[in-house]
Amino acid sequence: MSNSEKFLTMLSAILLFVAVVGFILFLATRFSGRRADRVVAWLFLAPTVVLLAIGLIYPGIKTIWQSFFNASGGSFIGVDNYKTIFTTSDQVTVLRNTLLWVLFTPFVATAVGLIYAILIDKARVEAFAKALIFLPMAISFVGASIIWKFVYAFRPDQGGVKQIGLVNQVLVWLGGSPQQWLVNSPWNTLFLIVVMIWIQAGFAMTVLSAAIKAIPEDIIEAARLDGVSPLGMFRFVTVPSIRPALIVVLTTIGIGTLKVFDVVRTMTGGQFDTSVVANEFYSQSFRANNQGLGAALAVLLFVLVTPIVAYNVKQLRASEAR
Amino acid sequence: MTATSVPVVTTPAVGKVDTAAGRAKKKLTSPWASFAAVVLAVLWTLPTFGLLISSFRPELKIKTTGWWTFFSDPQFTLDNYRAVLQTSGSDGLGSYFINSFIIVIPAVIIPICLASLAAYAFAWIDFKGKNFLFVLVFALQIVPIQVTLIPLLSLYVKAGLSNTFWTLWLSHSTFALPLAIFLLHNFMKEIPRELLEAARVDGAGHVQIFFKVLMPLLTPALAAFGIFQFLWVWNDLLVALTFSGPDQQPMTVGLANLSGTRDTAWHLLSAGAFVSMIVPVAVFLSLQRYFVRGLLAGGLKG
């Protein structure tokens, strides 16, 4: 397919789509008056309902069903796939890694974001300083993974061979010998987590910085008149005031971390005991062709994410109501 | 989760307002605070900076010496960028780059239009079953896309759509809809009812109200969602890996493959990574404030 053909396909797709929407709008103008409300509502909702039913609801139910079947999807095996996830040693490693990711990423990223937001608050170059930390958020996880793969790059420890990765070079300068950061388990998972923290700290910083700036001045003034020390100010004024924002940041990063796939896939491909649930889902479904186990892993992801999302939504509602 | 629920986005207070954080900072004695901030900023920037420098160094130099030697032995070349921008040959990522654009443009336009229609119906038309349907759409935001991929793939194969861009356009549009509808709905709800009632009294139908009254007011919300969706689709790997055939693979897939099969080809990886980053970074820098809103609103997606 040549490039011009691709652009033509794209244009015709957009035109086709515009025609569909135009048709819906045209039909909607045929009905007027308040009695037509129902018809118009369903016309407006029709494409959405069709897409969501076919693209989300049906596949979701089908996957849950599929998770009770064997690798080829042919015979019913009950909860054996779930047993596999919780009992085979490879899968238990996957669960352990996922737990490490979810324990470290949200808290460290939020802590870094909060500290940085406070440090640069009211600084002369605040906008610039923020952009530096925030930019990793705009690039793809794949791009971020390549950046960090280069930081961790390893060259054999022989005379005449120079290190090209920054971490190993610093180690050599300090008199150590270079390490294969991405190979040695279980530490390699922590070095992958660093990448996610690097990406997410900017998100935490942006949200928390805005929350800090929104703390009402009279609270600060009152605390100051009471002679609260600056560290006490942080402990008793800043943190409680931005608590809803802190929770939203923690849970949002937590959800993103549970679904982390790109980083693991690009940096190690899940080798060397670094796989996580979302990556294992992909490997089992599309590499190992174990559809049943893949489906069970996807369902597990769903089950793990749901309570965090529910909590997140509740917190958002609460902060909205304030 | 909603553009309106952002207790956190406010215009920064200007002037010499004394904030709690500001006072906490002062205690950390200014020089130390500045030092810590600089250390963090350097730590966060250095990885990207190293790869950026490398992308302009000759292949042999990248592979034998660290990027920091560039400063004592500056050798500059654009060959790496020339190589990755080719659309043919094993080194070129040019066609992946084009595919990224082909995928992202309809994948932003389609959900924006469909979600505007749906959000309008939810916000301003009364009909039976509205609440149930709205809660359902809202709840669908929690479904991880992993759950949908395999059944969706076999549906595409049955429909004869496999190995076309339609798989990517339709998937990205569908996955975006719950968030987009929710966001636009909340925004539309804030528009005063009187405005719409007045238009109705003047004899305007839903379609006229939609275009003449609502659309102009909705621009910020549309922009916020549009940018968020643009970055999401441009940076996506999972959906692209699952659905794209050899002719449709975007930049992320090209880079991930390169990183998997030739992970010492740093001259290509570095330049390729920066080619792929330039677009989202440009979008981000030019439309930062909308992006932040969209991001806050869409943190749950995926």
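**Helices and their neighbours**

Colleague: Is the crossing of H12(B) and H13(B) left-handed or right-handed?
Modeller: H12(B) and H13(B) cross in a left-handed way (the near helix is turned anticlockwise from the far one by less than a right angle; clockwise would be right-handed). This is a predicted model, where local features need pLDDT of at least 70, side-chain atom pairs count only at pLDDT 80 or more, and totals for chains, interfaces and linings use all residues. Residues are numbered from 1 along each chain as its sequence is written, with chains lettered from A and ligands numbered from 1 in the order in which they are written.

Colleague: At what angle do H12 and H13 of chain B pack?
Modeller: About 165°, with the axes of H12 (residues 251-261) and H13 (residues 266-286) of chain B 10 Å apart. (Axes are lines fitted to C-alpha atoms over the stretch in contact, and angles run from 0 to 180 degrees between N-to-C directions.) H12(B) and H13(B) are therefore roughly antiparallel, a label for angles over 145 degrees.

Colleague: Which residues meet there?
Modeller: From H12(B), B:Met251, B:Thr252, B:Leu255, B:Leu258 and B:Ser259; from H13(B), B:Leu268, B:Leu269, B:Gly272, B:Ala273 and B:Ser276. (In contact means C-beta atoms, placed from the backbone, within 7 Å.)

Colleague: How many helices and strands does chain B have?
Modeller: Chain B has 14 helices and zero strands. (These are DSSP runs numbered from the N terminus: helices are H or I with at least four residues, strands E with at least two.)

Colleague: And how much of chain B is buried?
Modeller: Buried residues are 54% of its 302 residues (buried means 20 or more other C-beta atoms within 10 Å of the residue's own).

Colleague: Which residues touch the most others in the largest nonpolar core?
Modeller: That core has 177 residues, and those touching the most other members include A:Ala204, A:Leu208 and B:Ile181. (Such a core is a set of buried Ala, Val, Leu, Ile, Met, Phe, Trp, Tyr and Cys residues joined through C-beta atoms within 7 Å.) Helix H5 (residues 94-124) of chain B gives the most to this core, 19 residues.

Colleague: What is B:Ile181 in contact with?
Modeller: Leaving aside neighbours within four places in sequence, B:Ile181 contacts A:Thr48, B:Ala115, B:Ala118, B:Ala119, B:Phe122 and B:Val137.

Key
A residue is buried if 20 or more other C-beta atoms lie within 10 Å of its own, exposed if 12 or fewer, and partly exposed in between; C-beta atoms are placed from the backbone. Two residues are in contact if their C-beta atoms, placed from the backbone, lie within 7 Å. Angles under 35 degrees count as roughly parallel, over 145 as roughly antiparallel, 65 to 115 as roughly perpendicular and the rest as oblique.
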